[in-house]
Amino acid sequence: MNFLSVENISKAYGERVLFENISFGINKDQKIAFIAKNGSGKTTIMNMLAGLDEPDSGQVIVRKDIKMAFLSQNDNLQPELTIEESIFASDNDTLKVIEQYEKALENPDDAEAYQKAFDNMDRHNAWDFETQYKQILFKLKLDDLKLKVKNLSGGQKKRLSLAIILINKPDFLILDEPTNHLDLEMIEWLEDYFAKENLTLFIVTHDRFFLERVCNEILELENGKLYQYKGNYSYYLEKKEERIASENASVDKAKNLFVKELEWMRRQPKARTTKSKSRQDDFYVIKEKAMSRRKENVVELEINMERMGSKIIELAKINKSFQDRVILKDFNYSFQRGERVGIIGKNGTGKSTFLNIITGSIQPDSGKVIVGDTMKIGYYTQSGINPKPQQKVIDIIKEYGEYIPLTKGKIISASQLLERFLFDAKKQYDYVEKLSGGELKRLYLCTVLIQNPNFLILDEPTNDLDIVTLNVLENFLLDYPGCLLVVSHDRYFMDKIVDHLFVFRGQGEIEDFPGNYSDFRTYEDSAEPVKEEKVESANAKSWKEKQVKAGLTFNEQKEFQKIEREIKDLEFKKKEIEAEFAEGKVADDKIEAKANELQKIIQSLEEKEERWFELSAKMEE
């Protein structure tokens with residue numbers, strides 16, 4: 001059954017063409033993900049599907065007898081209503097019956113009204129529905145039903161909008177970044193919910209695990225063309241690679257033909273025959289194909305990171321509470337060179353507060369944060385950029401200088417840097433307020449990285465970034481030699497870039513876990529229900545058993561992660577000393593000492609690598 005048809009739609013804003021002649025259909029039970037770069041028209045297309053915008057040409061046809069809902073980035077809630085009133089305000093007969101029953105419960109003296117409400121609940125089979133909607137509210141942490149919308153945080157409003165949609169059970173659901181403002185536990189619950197419910201979905205999300213587990217089809221808008229993949233995210237990656245290889249082969253073939261045709265065109269006399277005119281037309285078709293370039297703009301990040309000394313950042317007996325809510329309790333930690341730490345935990349457990357304490361924007365109740373003299377912290381927060389009125393994109397970067405230093409003594413202009421962050425010459429002179437959410441995030445990320453930090457803190461960096469930009473950011477962070485501290489609910493991102501986790505359990509309990517997010521889920525899922533005081537040891541025991549089967553013991557898993565960090569650190573030191581020798585920066589009286597230091601580093605590196613290979617081989621057994 002066809003729910004919706006998109007027929008040859010086009011949209012342009014002035015001279016800027018977003019897309020032309022796009023067509024596709026959505027059928028019952030399809031779960032479609034829509035992938036495109038920021039600024040290419042994702043939100044515009046979603047608004048058209050929801051009837052909030054119209055194409056310049058073409059049409060969107062929606063089946064009349066289906067119930068459709070749209071979760072956008074902007075909520076449509078009434079500020080004076082409570083959470084409960086917002087839910088009951090929707091056009092759902094069963095909810096109205098439940099609302100009458102809830103009111104009757106508040107007035108137990110009116111026995112007649114209560115009996116009538118009770119009978120209505122039976123008549124409409126509303127008991128199960130009530131249980132389901134209360135479970136949805138519980139899972140999305142919307143417990144205080146009397147709280148007014150105007151007093152909710154941005155995240156709570158987004159969760160309430162999602163709850164209202166799920167409670168009303170539409171036939172067809174359009175979702176714009178549904179996992180934003182959800183913690184990891186909520187995201188995993190939502191995945192399970194969509195897997196079980198018979199819903200037709202059209203989703204824009206950067207959460208690649210979500211795409212993998214929920215969607216059975218992917219549509220990609222790239223360079224104005226629409227590509228369709230009948231499968232999940234893994235299938236999409238595989239088939240896209242095949243398509244690109246095929247396109248590149250076709251372009252290479254056209255280039256060879258173009259060279260021959262170019263020679264022929266140059267030999268032709270001015271008066272050409274009809275036959276040669278036909279060949280000329282063919283030439284221009286070939287030329288267009290041969291000169292085509294895949295617009296794979298790559299963000300090139302050659303950051304000139306400040307050199308790190310031996311002392312990084314040390315936290316000594318840190319305590320922090322807000323009234324009766326404990327965030328940190330006698331927390332001690334000393335960061336090592338090249339550490340890559342992910343932070344996970346439920347909303348409200350203090351993850352952002354922890355980052356603010358490290359950066360000094362919030363003071364601990366007691367304890368000390370000791371920052372090494374050579375440390376330069378780059379802090380990417382959720383607040384983003386606060387531009388001045390009528391400020392242009394390029395003006396934001398020029399505040400840091402007309403020219404920015406890169407590695408190996410290179411410099412780059414503000415305009416060239418923006419091009420590397422996917423802002424073309426025209427976009428650089430746009431007003432900042434005209435940028436999309438993802439473009440704003442990308443610009444903000446640029447301002448953090450060009451300050452050349454050697455300790456990089458990222459608080460939810462993946463929100464509103466498209467998958468293309470995410471891949472580029474991940475590749476940069478994999479090569480980043482400094483320390484990295486990341487808060488993110490993007491499990492794919494965390495798995496790719498962090499070595500270990502700080503798990504915020506709440507009430508000041510923080511666990512240092514030796515592995516990435518997927519390792520942690522295995523660790524958690526393996527726990528047997530035991531008494532609370534024995535949970536950690538039970539988890540560790542069963543985790544250990546799983547690792548033995550996989551080839552590594554629990555302690556070897558820890559050692560493996562530690563060795564990887566130490567190897568990176570030694571390689572960095574080795575390159576530093578070799579560069580000093582190559583550039584003649586070592587004084588004559590220090591050559592012998594530097595050479596000995598280099599020899600010790602090389603020897604230690606060889607020992608670490610040998611042990612790394614031993615553990616790697618054991619993992620594969």
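**View 1. Helices α6 and α7 run roughly parallel to each other.** In this predicted model, α6 (residues 154-168) and α7 (184-196) pack at an angle of about 20 degrees, with their axes 14 Å apart. Axes are lines fitted to C-alpha atoms, for helices over the stretch in contact, and angles run from 0 to 180 degrees between N-to-C directions. The helices (H or I, at least four residues) and strands (E, at least two) are DSSP runs, numbered from the N terminus. α6 passes α7 in a left-handed crossing; a crossing is left-handed if the near helix is turned anticlockwise from the far one by less than a right angle, and right-handed if clockwise. Look for Arg 159, Leu 162 and Leu 166 in α6, which meet Met 186, Trp 189, Leu 190, Tyr 193 and Phe 194 in α7. These contact residues divide into 7 nonpolar, no polar and 1 charged. Contact means heavy atoms within 4.5 Å; Ala, Val, Leu, Ile, Met, Phe, Trp, Tyr, Cys and Pro count as nonpolar, Asp, Glu, Lys and Arg as charged, and the others, Gly among them, as polar.

**View 2. Helices α5 and α6 are roughly antiparallel.** Here the axes of α5 (residues 126-139) and α6 come within 10 Å and cross at roughly 160 degrees. The crossing of α5 past α6 is right-handed. Phe 129, Tyr 133, Ile 136 and Leu 137 in α5 meet Ala 163, Leu 166 and Ile 167 in α6. The residues of this contact divide into 7 nonpolar, no polar and no charged.

**View 3. A salt bridge joins Lys 146 and Glu 84.** A salt bridge is a side-chain nitrogen of Lys or Arg within 4 Å of a carboxyl oxygen of Asp or Glu, and the structure holds 36 of them. In this one, the N to O distance is 2.9 Å. Lys 146 lies in the loop between α5 and α6 and Glu 84 in helix α2 (residues 83-88), so the pair ties together parts that are 62 residues apart in sequence. Lys 146 counts as exposed at 51% relative accessibility, whereas Glu 84 counts as buried at 12%. Buried means under 20% relative accessible area, exposed over 50%, partly exposed in between (1.4 Å probe, protein chains only).

View 4. Arg 611 is partly exposed at 27% relative accessibility, and Glu 614 is partly exposed at 42%.

**View 5. Glu 177 has a positive phi although it is not a glycine.** The phi of Glu 177 is about 50 degrees. You can find Glu 177 in the loop between β6 (172-176) and α7. At 7% relative accessibility, Glu 177 counts as buried.

**Reading the views.** Residues are numbered from 1 along each chain as its sequence is written, and side-chain values use heavy atoms, with hydrogens and water left out. Because this is a predicted model, local features need pLDDT of at least 70 and side-chain atom pairs count only at pLDDT 80 or more, while totals for chains, interfaces and linings use all residues.

Definitions and conventions: Angles under 35 degrees count as roughly parallel, over 145 as roughly antiparallel, 65 to 115 as roughly perpendicular and the rest as oblique.
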